[in-house]
Amino acid sequence: MKKNVLKKAASLIKNKTRLLIATHVNPDGDAIGSSLALGEILKMMGKEVVYYCESSIPDKYFFMPGVDQFTRELAGAERFNAVIVVDCGDLERVGDASKKIGTTEVIINIDHHMTNQISGEMRLVDTTACASAEIVYRLIKELERPITFPIALNLYTAILTDTGSFRFSNTNRVAFRICEEMVKLGVVPHLVAQQVYGTYSAGRLRLLNEVLNSLELSSNKIFAMVTVTLEMMAKTGTGPGDINGFVDYPRFIKGTEFSALVQEIDGKKIHVSLRSKGKLDVAAMAERFGGGGHFNASGFNIEGTLKSVKTQLFQIADSVESSSS
Ligand code: 5GP
Ligand code: MN
């Protein structure tokens, strides 16, 4: 992140009155928590804030303070004098509204993805940050605003979920430092964990069963894949928000180096989530298909059949040399 950019963003924000905070489709804890934490600060500063997310918010995040304020309809984007895009590697991640947002005067880009492609002066992009929430935290400090309990709960949840409960490679010292501060401010870790990890609906658990049953391994055993079909979701009465986190399971298999969750979106479109452990760069892999993300966690959308997409993934797996061989 360029020197002074936090300072510049803070002074720019101070001069704007109507701000739109937009985050990515299929939001995760970081997308939601970072947006709400920042928005709450801006409201304290007397600004009009609108939170936009094209997708519905998964049930497990309903406890996050302010979450009910997210809107899925974006009318009159031109009335905002700044748009803050949170946790998006490219503008298209916002969904259909990206076209409207792209024409707005000022875009502030807060992100930690290594494949971030949003250009502009206000790039608050730090690929070493554990989560977008870390950058939001730094911006809050720059704005010299106090962190209230609702803000603390949002920042804590964002970091907890984006680091996979401090298990993923983006877990850094700052993650612990910020979370410790949030606990001092009243956040109770076990209560947050209960909300995020302990509130499965029966349908979601049944869906997990179906998904785990779909497990397939490449012949060299370094790649494992699971599938989510529309039929599985219909059968279990679940939706896309219920899939969050399932991609981690195939990566648990000893000996695998990367894994995928292949999700049927509609008759044509498929979303692929990729995860790796160690030295395999799945962000580069996703970029080849027009997607992006992090070194160990990435994704892309692709048109085709489940069969054709899986065949392509198996071909990639066959061409990857195992780091242990
Ligand atoms: P997930 O697989 O959970 O959807 O996403 C994993 C990571 O990859 C996230 O950091 C997410 O932002 C990124 N990602 C997922 N899908 C896409 C995509 O279609 N385009 C880009 N640029 N990034 C994606
Ligand atoms: Mn995210």
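## The parallel sheet

Strand E2 (residues 48–52) pairs with strand E3 in the parallel sense, over two bridges. Within this pair, Tyr-51 stands opposite Phe-70 of E3. The structure described here is a predicted model. Strands of a sheet pair through backbone hydrogen bonds, and the pairing is either parallel or antiparallel.

E2 and E3 belong to an open sheet of six strands, whose order is E3-E2-E1-E4-E5-E6 and whose pairing is parallel. Which strands stand at the edges of this sheet? They are strand E3 (70–71) and strand E6 (123–125); each has a single partner strand, so one side of each is left without a neighbour in the sheet.

## Helices on the parallel sheet

Helix H1 (residues 5–14) packs on this sheet, where it touches strand E4 (82–86), strand E5 (107–111) and E6. The direction of H1 makes about 125° with that of E6.

Helix H2 packs on the sheet as well, touching strand E1 (18–23), E2, E3, E4 and E5. Between the direction of H2 and that of E2 the angle is about 170°.

## The pair H2 and H5

Two packed helices are described by the angle between their axes and the distance between the axes. For helix H2 (residues 29–44) and helix H5 (residues 149–162), the axes come within 7 Å and cross at roughly 160°. Are H2 and H5 roughly parallel or roughly antiparallel to each other? Angles over 145 degrees count as roughly antiparallel, and H2 and H5 are therefore roughly antiparallel to each other. Their crossing is left-handed.

On the H2 side, the contact is made by Gly-29, Asp-30, Gly-33, Ser-34, Leu-36, Ala-37, Glu-40, Ile-41 and Met-44. On the H5 side, it is made by Ile-151, Asn-154, Leu-155, Ala-158, Thr-161 and Asp-162. The residues of this contact divide into seven nonpolar, five polar and three charged.

## The mixed sheet

Another open sheet of six strands has the order E7-E8-E9-E10-E12-E11, and its pairing is mixed. Its edge strands are strand E7 (216–217) and E11, each of which pairs on one side only. Helix H12 (residues 306–319) packs on this sheet and touches E7, strand E8 (223–228), E9, E10 and E12. The direction of H12 makes about 165° with that of E8.

Strand E9 (residues 258–264) and E10 pair in the antiparallel sense over seven bridges, and Val-262 has Val-272 of E10 as its bridge partner. Strand E10 (residues 269–276) also pairs with strand E12 (residues 297–303), in the antiparallel sense and over seven bridges. There, the bridge partner of Ile-270 is Ile-302 in E12.

## The hairpin at E11 and E12

Strand E11 (residues 292–293) and E12 pair in the antiparallel sense over two bridges. In this pair, Gly-293 has Ser-298 of E12 as its bridge partner. How many residues lie between E11 and E12 in the hairpin they form? There are three residues between them.

## The two domains

The protein is divided into domain 1 (3–197) and domain 2 (202–324). The C-alpha centres of domain 1 and domain 2 lie 26 Å apart. Where the domains meet, 14 residues of domain 1 are in contact with 15 residues of domain 2.

Notes:
Residues numbered from 1 in each chain as written. Chains lettered and ligands numbered in written order. Predicted model: local features only at pLDDT ≥ 70, side-chain atom pairs only at ≥ 80, totals over all residues. Heavy atoms only, no water. Axes fitted to C-alpha atoms, helices over the stretch in contact; angles between N-to-C directions. Helix = DSSP H or I, 4+ residues; strand = E, 2+ residues; numbered from the N terminus. Parallel < 35°, antiparallel > 145°, perpendicular 65-115°, else oblique. Left-handed = near helix turned anticlockwise from the far one by under 90°. Contact = heavy atoms within 4.5 Å. Nonpolar A, V, L, I, M, F, W, Y, C, P; charged D, E, K, R; others polar. Pairing = 2+ DSSP bridges. Domains from an automatic or database assignment.
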